[in-house]
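Please view the sequence and the structure together before reading on.

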Amino acid sequence: MRVYLLVSLLVLGFGCRQNPTVVVPPSFERPGAVAFFCVDVGSSSIVPLAECEGLDGVSTEDRALTALVAQTASGEVASVDLRLDRIIDADLRVPGFTFKRVGEVPTAIVVNPLNPVVTYVASFGSRRVEYYDTADFREDVDRGAGLAATATPWVELPDGPTDLVLSPDGAALYAALPTLGAVAILPINPDGSLGTLDAPDDPSAYTLVPVTAPDPLPVATAARRAPFDARPVACSEGEDPRPLGVLWTGQSCVALEGCGCEGADCDALFQDAGGLAAIDRCRSAFPTYERVCPTNIELRRPTLETPTQVMPAPGTPPAPMGLELDGDTLLVLDQALPLIHRFSATSAALTPLEPFAPGVPVRDVALTPEVPRIVGGDASDVERFLYAIDATDGSVLVLDALEGSPTFGAVLPVHGGAGAPDRVRLLDRARTIEVLTPGFPGAYCDLEAPEAAAAPDRLRGVFVAAGLGNGLVEIVDVHDLDATCRGGDTNCEGPPVASDVRVFIRRHAPRIGSYVTTAAATIGTPTFSLEGNTGRLTNTGASESGGPGLEPGTCPPFFAEAFPNAAGAMPLICSVAEPWSARQERWQATWEGPIPGARSGFAHFGADDRTIELGSVRFCARGVLGRDDVAGAGLDEAEPEFGYGGDQLLVVSDPPDSKRDDPTCEPFFLDENGAREELPMEIVQSMQERVVVAEIPERVRRCYTNDDGVSVLFEVEARVRRAFAVVGTRSGFVHRVEADETGRCFIDRVGQPVIQGEPQTFRNARAFNERPYLNPWVSFTIANAGGLIRGDRSQLSFNLGNVPPALVADVGTRGQSRVSTVVTGLHYSPTDERLYAVDANADALVQFTLAPLSFEDVFE
Amino acid sequence: MRPTARPPGILLLVAALLGGCTNEGEPPPVGRLVFPIALGLSPSGEHLFVANSNFDLRYNAGSLQSYDVDVLNQELDRACRDVPPSERDACGIIPEEDVRDDLTEAIRPVQGLLVDQVRIGSFADGMAVAPYGDAARVYLPVRSDANLTYVDVVGGQFDCGPGAPDELGRRCDDAHRRGEDEAATLRGIELPADPVGVAVGPLADVVSPDRTAPEGNYVLFAHRDGRASLFFDEPEGDSTAPVLVHTLSGLPSELVDITVDPRTRVAWAPSAREPVLARVGIAFDGATREPDRSFLFDAGGAYLSGIDTGSASRGDTRLLRFDPRPEVERAYILARRPRALLIADTSDASAAVPVLDVVPVGFGPSRLEIATIDVSDPEDDASPPMLRTLAFVSCFDTRDLYVIDVDLGELVGIVRSLGGPFELVVDPGRGKPSEGGYGPRVYVADFRTSVVRVVDLGPMAACLRGATPDDGECSPQLLGVVGRPVAVRELR
């Protein structure tokens with residue numbers, strides 16, 4: 001989070017390129033915050049950090065970069081000489097390595113890069129900010145006049161500080177105090193000390209600036225460019241609509257049809273001209289940073305109507321946890337409120353500015369430099385972004401951070417497929433983020449050897465690195481200097497690398513990590529089984545089982561053929577075309593299949609003769625629907641659930657032992673083949689913890705009721721009825737069922753409307769015979785299934801693969817094995833263009849190169 | 001040496017052999033801590049129970065002890081409050097009944113500290129204390145002979161069979177060991193071996209709202225080999241003994257503990273080997289009230305998402321605790337892969353449980369407790385409560401106790417040099433310190449040195465409420481020990 005992460009000369013990298021001597025910090029205990037300073041070895045003096053730039057970190061150089069690493073568990077700060085790759089022993093008199101003792105639970109370290117003679121440490125456990133001669137961390141350095149001696153080199157604060165940054169002019173420190181809900185300004189004395197000598201509890205040593213929130217809390221706004229004011233005029237009877245032109249909706253370009261146009265912008269509608277299609281002319285006017293090859297791939301552009309918004313409980317106080325300095329503006333991250341507080345920052349005061357409203361509390365941010373708006377653009381038309389980690393779920397959102405932009409502070413649409421459009425699609429939750437700027441600013445395709453450079457894993461430009469919970473660092477494209485030569489010319493012809501055929505580069509999208517030559521497709525041959533006969537599918541859709549098969553058709557918008565991909569054959573299975581939405585998984589559509597998770601182990605008959613109590617199983621969350629739930633939803637014919645008769649409930653456990661001798665009940669006991677008779681009950685109404693069925697068969701009631709007439713407990717399972725249950729191994733049973741305030745399940749048509757032409761809105765997991773099936777990831781049409789009845793066993797199965805992998809670096813890699821990790825920090829060093837990950841689980845610092853992105857070394 | 005709560009199999013074999021030998025061996029000395037493995041507080045908070053595992057089988061039994069908490073704290077304050085913090089790890093008190101010749105001046109014998117002591121099987125592995133009728137009942141899983149040992153407690157005095165209440169060190173009788181007698185079970189089942197964790201709750205909690213709530217408790221065991229067992233402990237006529245109802249197999253292996261979600265009544269059991277947490281539900285047939293119609297069922301494993309265990313097929317979680325605040329739907333999971341406290345969102349009962357935050361801890365994280373404590377000044381009646389929910393984590397290998405603010409996700413303090421910290425229990429405090437009471441404290445069973453260490457949370461509480469502790473240090477401080485620290489040599 002540090003702006004002066006130029007600093008991140010945490011560069012164990014220096015020493016590593018020259019006969020790397022492994023730096024083994026034997027007592028690293030829960031490493032945390034990091035800071036750096038530079039030493040003039042010749043004069044044994046501490047010098048401005050800039051004097052260490054451009055060096056290679058070899059032992060013959062006369063400058064030594066030193067890293068200070070907070071040990072949060074031991075309350076110490078370790079020093080590492082990155083020129084000699086050695087730990088610095090703070091006290092030679094004590095056997096073994098000794099680190100400098102600071103306060104309890106140090107959370108931040110600050111060294112002024114211009115005037116590094118004093119080091120400041122924020123100690124959360126001791127509730128203070130301490131100051132030391134930087135030379136205290138290197139006994140071989142002349143401390144000069146040094147700070148005045150005192151037994152209490154600190155300023156006590158009324159709350160534990162969680163972060164610390166230097167003011168723009170270096171004359172003060174800002175400390176985040178989360179429990180108090182404030183930021184403390186600590187003026188730095190001329191000699192670099194803080195507060196009053198020998199009076200650490202002097203309250204005049206700091207000024208508290210309350211962090212407040214507007215009332216009401218501002219809500220997040222979506223970044224939109226004003227839509228055209230143009231609407232089609234309806235046609236009269238007998239008149240056919242005609243194309244009117246392409247309209248900018250505020251989010252995307254859409255073809256307009258009608259029998260006339262009304263509105264102030266009718267003349268602004270885009271028309272075909274100059275050999276360019278209207279849609280392309282519109283998209284050029286409202287560009288997206290994107291490089292996609294081949295040019296005939298249609299990808300849905302991200303659009304955003306309503307950003308994700310979390311509202312805290314009334315009265316929740318601010319909890320300022322993190323600080324980020326952006327020029328003369330201090331950003332304060334709030335862990336409790338959906339705000340990023342902003343202050344105009346001087347050493348004397350913090351003046352509140354209008355806060356950013358990201359819609360959620362954030363735990364980390366990273367700011368990009370200004371970057372061109374389009375691929376290959378120049379500095380005359382730029383954008384700037386603030387990436388933030390949502391503290392509630394670890395997802396990453398992006399805000400417009402360009403001062404003067406009409407959408408300054410708004411949340412940007414970043415994803416065009418299924419799921420939240422305002423969240424970057426990462427492989428896992430993010431814990432920390434960092435901006436990388438290797439080779440930036442620089443020339444486009446400035447390649448010594450184009451073949452070697454135009455590579456997915458070579459990073460040159462501006463990127464965001466996200467440290468994930470699964471131990472990986474994933475890369476997000478922001479501005480790729482090599483994008484213009486990926487895939488060939490503007491028509492995607494003649495790529496420098498022959499296999500660089502399919503290129504997908506989009507701003508705010510995860511970077512694709514390999515050359516892509518083929519589209520996503522099925523792996524192996526899909527099957528449609530019937531009664532144990534596997535039934536491979538032919539290219540015409542017929543199944544070798546003789547049972548149900550698939551019907552050929554065209555792929556929906558933004559989808560591409562996944563099977564059979566054979567000459568002369570129509571698509572049978574389609575999958576989403578863009579790689580950031582596609583998922584490598586197995587899909588199965590099972591005739592009257594079970595609904596995953598819709599199972600209860602303590603069901604019993606309810607108060608009336610049609611209710612079955614389920615216990616806490618949350619049927620609505622599983623997507624279970626009753627007949628009346630569908631009928632009462634007011635669906636129109638184009639909606640996927642239209643006409644569905646509701647799910648069914650079956651008892652799947654044995655009756656009590658006392659019923660074993662009852663011949664009526666015998667079929668309900670599992671036989672030697674593991675089978676039992678199942679009597680389905682049609683669900684009329686579904687609720688979170690109970691269902692109302694059309695009828696409870698008398699035999700079921702008799703066999704699951706004891707002799708006293710009281711229901712025993714039994715297990716039940718909900719299954720799809722007269723339809724196929726479509727389940728993906730990663731996507732699951734996708735649905736848009738919610739529970740109302742009474743616990744009744746309903747189809748959420750308002751919150752999750754189905755929009756024709758927008759596959760990502762088709763959240764449905766029930767496929768019907770001879771009716772196109774579509775969900776956000778796959779589409780197909782089942783045919784020849786009209787003869788299936790209850791009890792028949794039939795299943796469509798296919799594996800979807802060839803999904804391009806994301807570009808990642810593994811923090812846990814250790815040769816042939818890997819270790820578990822907790823990535824707590826990422827630091828980019830612009831000096832040697834390397835990325836460093838702090839792993840608090842392995843107590844390690846892991847180093848990566850960026851061209852190509854690869855593991856280089858680890859220090860643990 | 002570390003207490004993995006599972007002694008090497010050779011020791012169990014030895015235990016079995018010893019059981020068959022004619023040499024009875026020595027009983028554990030009265031008042032002596034011998035590899036304390038579990039702690040519990042009485043419902044009134046007046047007594048501290050300690051289960052001693054007899055891990056090295058030096059004696060012929062383990063023991064269960066009852067300590068007077070007021071006496072413990074008052075005498076410890078008197079003995080160690082003025083001792084420099086650096087010397088407090090050797091300062092303490094000991095029951096006067098523990099007659100020994102190796103006491104130092106820093107360890108004072110105290111009268112009235114030990115209230116009672118009984119003999120139980122060796123290798124107890126956990127403890128649960130619950131109200132039972134007008135009194136309380138202590139439930140212990142005992143691994144040596146795979147049984148549920150239950151002990152009634154009234155006023156700190158144990159009742160587990162014949163023997164005068166003042167006969168310290170008397171043995172609990174066979175009737176208080178349940179599960180090992182097949183005839184006592186209803187379905188012809190036996191309690192599986194290696195019970196490693198116990199959870200107890202009122203039977204009324206697992207009954208549907210439309211059923212009559214019975215009295216008594218349910219008792220759940222987790223077994224190391226991936227099984228769970230259910231007992232019903234329902235007063236019925238003259239019988240007040242728990243009854244083994246059902247065992248469930250097929251759960252993840254290397255289970256370590258079991259905890260019940262107070263919202264859903266589903267029990268969660270972490271696995272030290274697999275990347276999944278077992279979940280078990282109790283189906284109590286409250287209508288028929290016949291135990292053989294009640295059962296355990298597999299509620300589906302829970303996979304933690306958003307963490308890196310280093311391998312897709314390996315995991316290592318040790319303990320799980322739910323947030324005590326009803327409005328907070330979170331669980332706190334102590335993991336060794338990665339080595340951290342995981343804060344998970346349990347608001348949705350699906351298979352994937354998202355991890356919201358990861359707080360790294362020391363090596364060998366072993367036990368966890370979550371407690372909401374009042375950090376306001378106990379001397380100031382006018383000050384409103386200031387509640388902070390904290391996690392306490394014992395790290396056996398690094399010998400320290402981590403204190404974590406679960407809402408901030410931040411480490412608040414560390415107590416170091418604790419010997420071999422294992423089980424722990426948080427005491428919210430009683431009365432005013434100025435009137436003989438004491439503030440919030442943590443009792444930590446030190447398995448490595450066979451003592452109970454008492455940690456004073458006062459300095460930390462002072463800092464959390466914005467005050468300055470006397471010596472300026474905000475971390476909790478070791479106050480002293482109960483027992484005499486005896487370092488353990490490596491077993492050969």
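## Disulfides

In this predicted model, Cys261(A) and Cys266(A) are joined by a disulfide whose sulfur atoms lie 2.0 Å apart. The link between Cys261(A) and Cys266(A) is left-handed, with -90 degrees about the S-S bond. Over all chains, the structure holds eleven disulfides, the pair of Cys261(A) and Cys266(A) being one of the disulfides found in chain A.

## Confidence in the model

The model has an ipTM of 0.83 and a pTM of 0.88. For chain A the mean pLDDT is 89, with 95% of the residues at 70 or more. Among the elements of chain A, the lowest mean pLDDT, 37, belongs to helix H1 (residues 12-16), and the highest, 98, to strand E47 (residues 766-767). Residues 1-25 of chain A keep a pLDDT under 50 throughout, and the model has 105 contacts beyond four places in sequence for this stretch.

For chain B the mean pLDDT is 87, and 89% of the residues reach 70 or more. The pLDDT is below 50 over residues 1-22 of chain B, a stretch with 39 contacts in the model beyond near neighbours in sequence.

## The interface of chains A and B

The contact between the two chains draws on 54 residues from chain B and 50 residues from chain A. In chain B, the residues that lose the most area to chain A are Asp308(B), Pro360(B) and Leu408(B), which together account for 15% of what that side buries. Between them, chain B and chain A bury about 3,900 Å², and carbon and sulfur atoms carry 47% of this area.

Four salt bridges are counted between chain B and chain A. One salt bridge pairs Asp357(B) with Arg431(A), with 3.4 Å between the closest N and O atoms. Polar contacts across the interface of chain B and chain A number 15 residue pairs, with both residues at pLDDT 80 or more. On the side of chain B that touches chain A, at least two residues each come from strand E19 (278-283), strand E20 (295-298), strand E25 (352-360) and strand E29 (410-415) of chain B. E25(B) gives the most to this side, with seven residues. By type, the residues of the side of chain B that touches chain A comprise 26 nonpolar, 14 polar and 14 charged.

## Salt bridges

Side chains of opposite charge can pair when their charged atoms come close. Over all chains, the count comes to 84 salt bridges. In chain A, the side chains of Arg460(A) and Asp482(A) form a salt bridge with an N to O distance of 2.9 Å. This pair links distant parts of the chain, its two residues being 22 residues apart. Arg460(A) is in the loop between helix H3 (450-453) and strand E30 (461-468) of chain A, whereas Asp482(A) is in the loop between strand E31 (472-480) and strand E32 (503-506) of chain A.

## Backbone features in the loops of chain A

Pro216(A) belongs to the loop between strand E14 (207-210) and strand E15 (231-232) of chain A. Another cis peptide bond joins Phe440(A) and Pro441(A), where omega is about -5 degrees. The loop that holds Pro441(A) lies between strand E29 (430-436) and H3 of chain A.

Cys492(A) is a residue other than glycine with a positive phi, near 60 degrees. The loop between E31 and E32 of chain A holds Cys492(A), and Asp482(A) is also placed in the loop between these strands.

How values were computed: Residues numbered from 1 in each chain as written. Chains lettered and ligands numbered in written order. Heavy atoms only, no water. Contact = heavy atoms within 4.5 Å. Buried area = accessible area lost by both parts, 1.4 Å probe. Polar contact = N/O pair within 3.5 Å; in protein donor to acceptor, adjacent residues only side chain to side chain. Helix = DSSP H or I, 4+ residues; strand = E, 2+ residues; numbered from the N terminus. Nonpolar A, V, L, I, M, F, W, Y, C, P; charged D, E, K, R; others polar. pLDDT = per-residue confidence, 0-100. Disulfide = S-S within 2.5 Å.
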